[in-house]
Amino acid sequence: MGGRLILCSALLLRAEAETVEWSPRPPIYEHLGQKSLYPPDGTVDLLSGSHCDLSKRSLGRTWLVEFYHSSCPHCWYFAPVFRQLGAAYRGSESVHVAACNCMEKENQKACDAMQIYRYPTVQVFQAGEEGAKKLFEVSHTDKDGRAKSAAQLLAWLEEHKLPKPLHPEATEQGADFAAATALAPGAPPGRPGWSWEYHAEDERWAEAHLGLIALLKSYNGRQPPASLLRVASFVAQNCLHGCDRYHLLVERLHSADLRDATTVREEVERWGQLFGRRKHLFCKDETCAVWQLFHVMAGSVAAAQFGLRVNSGGATVAEAMDFFRQTVDHFLFCGPCREHFLNAYEGCSYGRCEVLASKQDQAKRLVLWLWRLHNGVSLRVLREHPPKEAVDRRWPTYRDCPGCWNPRVVTGEVIEEVLPGAP
Ligand SMILES: Cc1cc2nc3c(=O)[nH]c(=O)nc-3n(C[C@H](O)[C@H](O)[C@H](O)COP(=O)(O)OP(=O)(O)OC[C@H]3O[C@@H](n4cnc5c(N)ncnc54)[C@H](O)[C@@H]3O)c2cc1C
């Protein structure tokens, strides 16, 4: 209840402070057949196709450019801030503000050429006869990983000799970065709770499939080719439905030229077409679908360990842990998410180091670790980016499973007590 009151009052405070559109998931615009986090005709110029490769363009002025991935949550959070920067430089003769969505197929080659390997990446370019030259990169977070406001970014840009904007006041409104609340990990999800939804196994699997495709399509040739094959092989080995097709993907990747990122992405896309046109069923984007892939994989490995799967022969828990770590490390397209995950992993958070500590109950510990981790991330999102509407993403809701929100279960102190004997 305490957590609920804190959340509600924080939301009221935020509502008063808000003057620009600010939400964890901003609207996605359509422009010339591409998705965009920025509205067409807004203060941020939309780049696409070969225009995203600034090294090939002789441009007047200095360019402040964001390369993003429209499914990366940190890009969503950053979008209103970047829009404010765009508004500050509106009408400027010397600085041009633009963005390129590297998730779009037509832009990927240019993003590869610009060596964009994490999102969001913000860079400043100087115009030149032979194409623009990169001057420096702008970090959207401070050294503690906290999001910078537009006013802070502007001050930093001015220190780095970027010309003064015409409308600096445009950065003074907007997101209230101090509005984080002290929600406790063990506190039950606040109102209205994430969902009363039940997702049948095949729905989760359909989402997981989209998560796999998104991960593989983030291949840019920099990851070890073997890691690509390992992700695909692990999913094929532990798959739930239509497994022959997943083995086919592994075969196709084995015979593809893995040094060429474009070939790999095209191969993955061709393979995806074998399933017809698939749409999200309950997720709204790829990060959610990646979670579904992870939960389904953990569940599938656990089911095989418990002898509940007909085709057992799935991976061990140790292999599953390695799969999660490697997949995030090499393929998770959201840079800060990747860092948070790896820090939590190395730091043994959410009971990670207890998963393999004893031979007993490894599969249960695996599933619980992932569940806690996901709820921990949802809590982080809630704290750092309080939504306008009170949605607590942690799962399940208190109403659905009051026992799950026993703080000791949530923090991992009572694994044996909650899961005695058989599953
Ligand atoms: C590995 C990873 C790390 C991430 N790290 C960050 C980060 O550090 N910061 C950040 O802002 N974003 C991070 N994200 C993104 C964030 O978790 C969400 O995916 C994103 O905000 C989209 O949220 P969503 O509303 O679709 O809900 P999501 O959390 O993506 O998915 C919600 C769905 O998942 C299910 N679900 C929710 N919780 C659980 C659970 N505990 N167990 C089982 N099923 C559950 C429910 O069915 C629900 O419908 C990360 C994503 C991944 C895959």
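How are helix 5 and helix 6 oriented relative to each other, roughly parallel or roughly antiparallel? Helix 5 and helix 6 are roughly antiparallel to each other, where angles over 145 degrees count as roughly antiparallel, those under 35 as roughly parallel, those from 65 to 115 as roughly perpendicular and the rest as oblique. The structure is a predicted model, in which local features need pLDDT of at least 70 and side-chain atom pairs count only at pLDDT 80 or more, while totals for chains, interfaces and linings use all residues. Residue numbers start from 1 along each chain as its sequence is written.

The secondary structure of the protein chain comprises 15 helices and seven strands; helices (H or I, at least four residues) and strands (E, at least two) are DSSP runs numbered from the N terminus. Of the 423 residues in the protein chain, 39% are buried. A residue is classed as buried if 20 or more other C-beta atoms, placed from the backbone, lie within 10 Å of its own, as exposed if 12 or fewer do, and as partly exposed in between. Among contacts in the protein chain with a separation of 6 or more, 74% involve residues 24 or more positions apart, a contact being a pair of residues whose C-beta atoms, placed from the backbone, lie within 7 Å.

Two packed helices are described by the angle between their axes and the distance between the axes. The axes are lines fitted to C-alpha atoms, for helices over the stretch in contact, and the angles run from 0 to 180 degrees between N-to-C directions. For helix 5 (residues 201–217) and helix 6 (residues 225–237), the axes come within 11 Å and cross at roughly 170°. At this contact, L212, L215 and L216 of helix 5 meet L228, V231, A232 and V235 of helix 6. The contact of helix 5 with helix 6 has seven nonpolar, no polar and no charged residues; Ala, Val, Leu, Ile, Met, Phe, Trp, Tyr, Cys and Pro count as nonpolar, Asp, Glu, Lys and Arg as charged, and the others, Gly among them, as polar.

Helix 10 (residues 317–331) and helix 11 (residues 335–346) have axes that come within 9 Å and cross at roughly 150°; the two helices are therefore roughly antiparallel to each other. Their crossing is left-handed, a term applied if the near helix is turned anticlockwise from the far one by less than a right angle, with right-handed applied if clockwise. Residues R325, V328 and D329 in helix 10 meet R338, F341, L342 and Y345 in helix 11. This contact of helix 10 with helix 11 divides into four nonpolar, no polar and three charged residues.

Helix 9 and helix 13 pack with their axes 8 Å apart at an angle of about 165°, and are therefore also roughly antiparallel to each other. Helix 9 passes helix 13 in a left-handed crossing. From helix 9, the contact draws on W291, F294, H295, A298, G299, V301, A302 and Q305, and from helix 13 on A363, K364, L366, V367, L370 and H374. By class, the contact of helix 9 with helix 13 has nine nonpolar, four polar and one charged residue.

Around the ligand are 27 residues, of which T287, C288, C337, H340 and W395 come nearest; a residue is near a molecule or strand if its C-beta atom, placed from the backbone, lies within 6 Å of it. The most, seven residues, come from helix 13. The shell around the ligand has 16 nonpolar, eight polar and three charged residues.

A cis peptide bond with omega of about -10° joins Y119 and P120, and P120 lies in the loop between helix 3 (105–113) and strand 6 (121–126). D41, although not a glycine, has a positive phi of about 65°. This residue, D41, lies in the loop between strand 2 (34–36) and strand 3 (45–47) and is exposed, with 9 other C-beta atoms within 10 Å. K161, likewise a residue other than glycine, has a positive phi near 70°. K161 lies in the loop between helix 4 and helix 5 and is exposed, with 10 other C-beta atoms within 10 Å. S149, in the loop between strand 7 (133–138) and helix 4 (150–159), is partly exposed, with 18 other C-beta atoms within 10 Å. The C-alpha atoms of S149 and F82 are separated by 9.3 Å, the two residues being 67 residues apart along the chain.

Technical notes. Two residues are in contact if their C-beta atoms, placed from the backbone, lie within 7 Å.
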